[in-house]
Amino acid sequence: MKPVKVGLLGLGTVGGGTATVLSRNAEEIARRAGRGIVIDFAAALDTSHAAQLGLSGVRLSNNAMDVVEDPDIEIVVELIGGYNLAKDLVLQAINNGKHVVTANKALIALHGNEIFAAAQKQGVIVAFEAAVAGGIPVIKAVREGLAANRIEWLAGIINGTSNFILTEMRDKGRSFADVLAEAQVLGYAEANPTFDVEGIDAAHKLTILSSIAFGVPLQFNETYVEGISKITPEDVSYAADLGYRIKLLGIARRTEQGIEQRVHPTLIPRKQLIASVDGVMNCVMVQGDAVGSTLYYGRGAGAEPTGSAVVADIIDVVRAMTSDPNNRVPHLAFQASTLADTPILPITEVETAFYLRMRAVDKPGVLADVTRILGDRSISIEAFLQKEPAKAGSEVDIIMLTQRVRQGNMDEAIAAIEQLDSICGAVTRLRVETLN
Ligand SMILES: NC(=O)C1=CN([C@@H]2O[C@H](COP(=O)(O)OP(=O)(O)OC[C@H]3O[C@@H](n4cnc5c(N)ncnc54)[C@H](O)[C@@H]3O)[C@@H](O)[C@H]2O)C=CC1
Ligand SMILES: N[C@@H](CC=O)C(=O)O
Ligand code: NA
């Protein structure tokens, strides 16, 4: 049987990793897929390094649409990134009857509903394992491996760059900007690194995970997003004093009122396994009613780990090419016609415990005022620290852990605390989660 011809769009970090893995493991991949798989045509703004990636003799172009329009190409692999051109390329590939593999979480989170509908109409597959948690086969695990379960919640460290930054800040005292620059050199960061540090990339991934876990359409705009850019070394150190680590977590949880879909820095008890997931590593915990708690761990970014997921998707597509389109694994795990309209909850309705840090004038009565404001809103204090800030003066840092409270209540309490004359500046609040 003739090899399947793949068109590769993008020869950057992931495109390079994909080409390398495909050529290095070609023989075993063909034995797994049942057919050889070759990159026949590749496009990038700069193709001068194609030979180094094992792409000698492959047709090359600077215009990605040339690949999409080529009649010989059966699978288009989109590794350019971004929303606009990528969307045009993917929709055109689908329109031309080609299967698509992409690592582009931004594209899937924002335009996935439209893309999957178009793919279903054309009877083609759009595969996106690399879009969530890089090399970890978590889409496959949730969509297929856990298909028997009613998923209750999932929580994950799903942005390698921000985890790398938090880890290096904590362990080596390095500055935020310095670690981010290294993550860019290592190929972990997005083209716009704001997506990494402001939680947007994690929110793209969480939106996808939530849909395949709960059978709802992709709703990126309903996902609550808060990044790590305001986390200070003091917060990292105070959290450690209290027995916690700060991680950027994506959490999706089913409640009676609706679905929680949120990304934010989170204090996690240090003894929990997920608190030890450091550097660029990702980890997703999934709780199913039948299986209980499961954990998926591995590299969330980088050339070959992400290439591993892209190539696995290509193999899956090759295996499924001859199957009846109506009997393939649904894109979002649930049959498209059965997606539910369960609401995504506003963040003010979400209940968590909180870490609060405030700077106060060091005089009697301040603490009493703060605890009265919290008590008036039925917010109980779980733990308390008072610290001299690095620059000694007449002010102190007060750090509190509260019990679980609806965020709307906490927002009101914080607004009242910030009105006190004895409190200087804004109150920092971070959510605390014990994942069980
Ligand atoms: N870097 C990583 O570790 C991971 C990246 N991803 C996703 O994979 C995709 C690619 O990311 P990277 O490889 O890191 O990006 P990159 O910036 O390293 O590579 C992008 C490639 O696309 C090409 N390109 C850009 N504009 C083009 C255009 N107009 N026409 C033709 N080619 C064009 C560039 O020449 C380059 O070869 C993105 O969607 C990203 O979110 C997903 C998981 C991990
Ligand atoms: N920028 C992303 C890359 C993988 O998705 C990350 O850091 O996780
Ligand atoms: Na993955």
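In the predicted model, Phe-384 has Met-400 of strand 15 as its bridge partner. Strand 14 covers residues 381-387 and pairs with strand 15 in the antiparallel sense, over 6 bridges. Strand 13 covers residues 351-361 and is likewise antiparallel to strand 15, with 7 bridges. Strand 15 itself spans residues 395-402. Of its 8 residues, 6 are buried, and the strand is mostly covered. In general, strands of a sheet pair through backbone hydrogen bonds, and the pairing is either parallel or antiparallel.

The protein chain is divided into three parts. Domain 1 consists of residues 4-136 together with 304-338. Domain 2 runs over residues 138-300. Domain 3 takes in residues 349-432.

Strand 1 is made of residues 4-9, and strand 2 of residues 37-43. The two pair in the parallel sense over 6 bridges. Within this pairing, Val-4 stands opposite Ile-37 in strand 2.

The centres of the two domains, taken over C-alpha atoms, are separated by 25 Å. On the side of domain 1, 23 residues are in contact with 30 residues of domain 2. Helix 5 (residues 105-122) gives the largest share of that side of domain 1, with 7 residues. By residue type, the side of domain 1 that touches domain 2 holds 14 nonpolar, 7 polar and 2 charged residues.

Ligand 1 has residues of both domains around it. Its shell draws at least three residues from domain 1 and at least three from domain 2. There are 27 residues around ligand 1. Gly-10, Gly-12, Leu-45, Gly-81 and Ala-301 come nearest. Helix 1 (residues 13-24) provides the largest share of this shell, 3 residues. The shell divides into 14 nonpolar, 10 polar and 3 charged residues.

Ligand 2 has its own set of surrounding residues. Among them are Gly-134, Asn-159, Gly-160, Thr-161, Tyr-188 and Ala-189. The set also includes Glu-190, Asp-196, Asp-201, Gly-300 and Ala-301. In this shell, 3 residues are nonpolar, 5 are polar and 3 are charged. Ala-301 is also listed among the residues that come nearest to ligand 1.

The unreviewed UniProt entry places the feature "binding site" at Glu-190. Glu-190 lies in the loop between helix 8 (176-185) and helix 9 (194-197). Glu-190 counts as buried because it has 21 C-beta neighbours inside 10 Å, and the cut-off for a buried residue is 20 or more. Neighbours within four places in sequence are left aside for its contacts. On that basis, Glu-190 is in contact with Phe-195, Asp-196 and Asp-201. Asp-196 and Asp-201 are also among the residues that surround ligand 2.

Notes
Residues are numbered from 1 along each chain as its sequence is written. Chains are lettered from A and ligands numbered from 1 in the order in which they are written. This is a predicted model: local features need pLDDT of at least 70, side-chain atom pairs count only at pLDDT 80 or more; totals for chains, interfaces and linings use all residues. Domain bounds come from an automatic or database domain assignment. Two residues are in contact if their C-beta atoms, placed from the backbone, lie within 7 Å. Helices (H or I, at least four residues) and strands (E, at least two) are DSSP runs, numbered from the N terminus. Ala, Val, Leu, Ile, Met, Phe, Trp, Tyr, Cys and Pro count as nonpolar, Asp, Glu, Lys and Arg as charged, and the others, Gly among them, as polar. UniProt positions are given in the numbering used here, feature names are shortened, and annotations may be inferred rather than shown by experiment. A residue is buried if 20 or more other C-beta atoms lie within 10 Å of its own, exposed if 12 or fewer, and partly exposed in between; C-beta atoms are placed from the backbone. A residue is near a molecule or strand if its C-beta atom, placed from the backbone, lies within 6 Å of it. Two strands pair if DSSP finds at least two bridges between them.
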